[in-house]
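Biologist: I am new to this structure. Please walk me through how to read it.

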Amino acid sequence: MKKILIIIISILLIYLVYYLQKPYVYSSVNPISEIDPLILVNSENAFPDNINLNLVTFQNNKVADTIYNDLKDMYNAALNSNITLKINNAYRSKEKQTEIFNEQVNQYINEGYNKEKAYKMTYLTVQIPGYSEHETGLAIDFSNQGHYDENEKMWNWLKNNAYKYGFILRYPKDKYEITKINYEPWHYRYVGKKAAKEITNQNITLEEYLGG
Ligand SMILES: [Zn+2]
């Protein structure tokens with residue numbers, strides 16, 4: 001009788017440990033993409049069409065293989081702090097960007113704006129196809145839609161830790177004049193560990209870092 005009880009308790013314990021185990025990511029990849037992590041893509045610099053980009057899947061999103069291993073380490077480190085990094089957006093093709101851009105233009109036109117005004121307003125919030133960092137596979141939007149507290153916690157953790165894994169807050173507060181994009185606490189860009197540390201410590205943008 002006692003033996004059976006011990007067996008039942010043991011089985012229950014094994015199940016408990018199994019369910020409480022955090023969903024760490026263990027796989028890794030050997031990158032073959034030919035993309036420079038310091039590539040500058042902004043409103044004045046298009047992403048060249050001829051870059052050999054190898055995409056891999058991370059948490060149901062496509063990213064450049066270049067960032068996979070560091071992204072995995074960052075994801076696991078956040079889990080250690082009881083934070084699950086939720087990816088809302090990662091790689092986006094030029095075609096997809098075109099679709100998003102046109103959708104926004106049409107929405108403004110439907111709201112009664114003329115074509116010229118609709119384009120002008122769209123430029124403010126959507127990157128022109130070919131000029132979005134998401135086309136590089138090096139950029140990630142971290143957010144859990146509609147979860148205010150969860151996002152605040154996640155963004156706070158990223159702000160303090162992302163540089164250790166090669167990521168920077170790409171569009172900081174008060175840097176619109178340089179980046180031409182408003183503050184986006186969710187948008188992180190992989191630049192490699194050395195650059196990420198320098199950029200974060202000096203509180204500068206990628207544009208400033210590359211400008212010397
Ligand atoms: Zn983004």
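Modeller: Start with one definition. A residue counts as buried if 20 or more other C-beta atoms lie within 10 Å of its own, and as exposed if 12 or fewer do. Keep in mind that this is a predicted model.

Biologist: How do I use that on a strand? Which residues of strand 6 lie on each side, and are they buried or exposed?

Modeller: In a regular strand the side chains alternate between the two faces of the sheet. Now take strand 6, residues 187–190. His187 and Arg189 are on one side. Tyr188 and Tyr190 are on the other. All four are buried, so both faces of strand 6 are covered.

Biologist: Which strands pair with strand 6, and in what sense?

Modeller: Strands of a sheet pair through backbone hydrogen bonds, either parallel or antiparallel. Strand 4 (residues 139–142) pairs with strand 6 in the antiparallel sense, over 3 bridges. Strand 5 (residues 167–169) also pairs with strand 6 in the antiparallel sense, over 3 bridges.

Biologist: What is the order of the strands in the open sheet?

Modeller: The order is 3-4-6-5, with antiparallel pairing, in an open sheet of 4 strands. Strand 3 (87–89) and strand 5 stand at the edges. Each has a single partner strand, so one side of each is left without a neighbour in the sheet. On average, neighbouring strands of this sheet are turned by 40° against each other, direction ignored.

Biologist: Which strand pairs with strand 1?

Modeller: Strand 2 does. Strand 1 (residues 55–58) and strand 2 (residues 61–64) are antiparallel and share 4 bridges. Thr57 stands opposite Lys62 in strand 2. This hairpin has 2 residues between the strands, and Gln59 takes a positive phi near 50° there.

Biologist: Which other residues have a positive phi although they are not glycine?

Modeller: Most residues other than glycine have a negative phi. Asp174 has a positive phi of about 60°. Asp174 lies in the loop between strand 5 and helix 6 (176–179). Asp174 is exposed, with 8 other C-beta atoms within 10 Å. Asn203 also has a positive phi, of about 55°. Its place is the loop between helix 7 (193–202) and helix 8 (206–211). Asn203 is exposed too, with 11 other C-beta atoms within 10 Å.

Biologist: Now the helices. At what angle do the axes of helix 3 and helix 4 cross?

Modeller: Two packed helices are described by the angle between their axes and the distance between the axes. For helix 3 (residues 94–110) and helix 4 (residues 115–125), the axes come within 8 Å and cross at roughly 130°. Helix 3 and helix 4 are therefore oblique to each other. Their crossing is right-handed.

Biologist: Which residues meet there?

Modeller: From helix 3 come Phe101, Gln104, Val105, Tyr108 and Ile109. They meet Lys115, Ala118, Tyr119, Met121 and Thr122 in helix 4. The residues of this contact divide into 7 nonpolar, 2 polar and 1 charged.

Methods:
Residues are numbered from 1 along each chain as its sequence is written. This is a predicted model: local features need pLDDT of at least 70, side-chain atom pairs count only at pLDDT 80 or more; totals for chains, interfaces and linings use all residues. Axes are lines fitted to C-alpha atoms, for helices over the stretch in contact, and angles run from 0 to 180 degrees between N-to-C directions. Angles under 35 degrees count as roughly parallel, over 145 as roughly antiparallel, 65 to 115 as roughly perpendicular and the rest as oblique. A crossing is left-handed if the near helix is turned anticlockwise from the far one by less than a right angle, and right-handed if clockwise. Two residues are in contact if their C-beta atoms, placed from the backbone, lie within 7 Å. Ala, Val, Leu, Ile, Met, Phe, Trp, Tyr, Cys and Pro count as nonpolar, Asp, Glu, Lys and Arg as charged, and the others, Gly among them, as polar. Two strands pair if DSSP finds at least two bridges between them.
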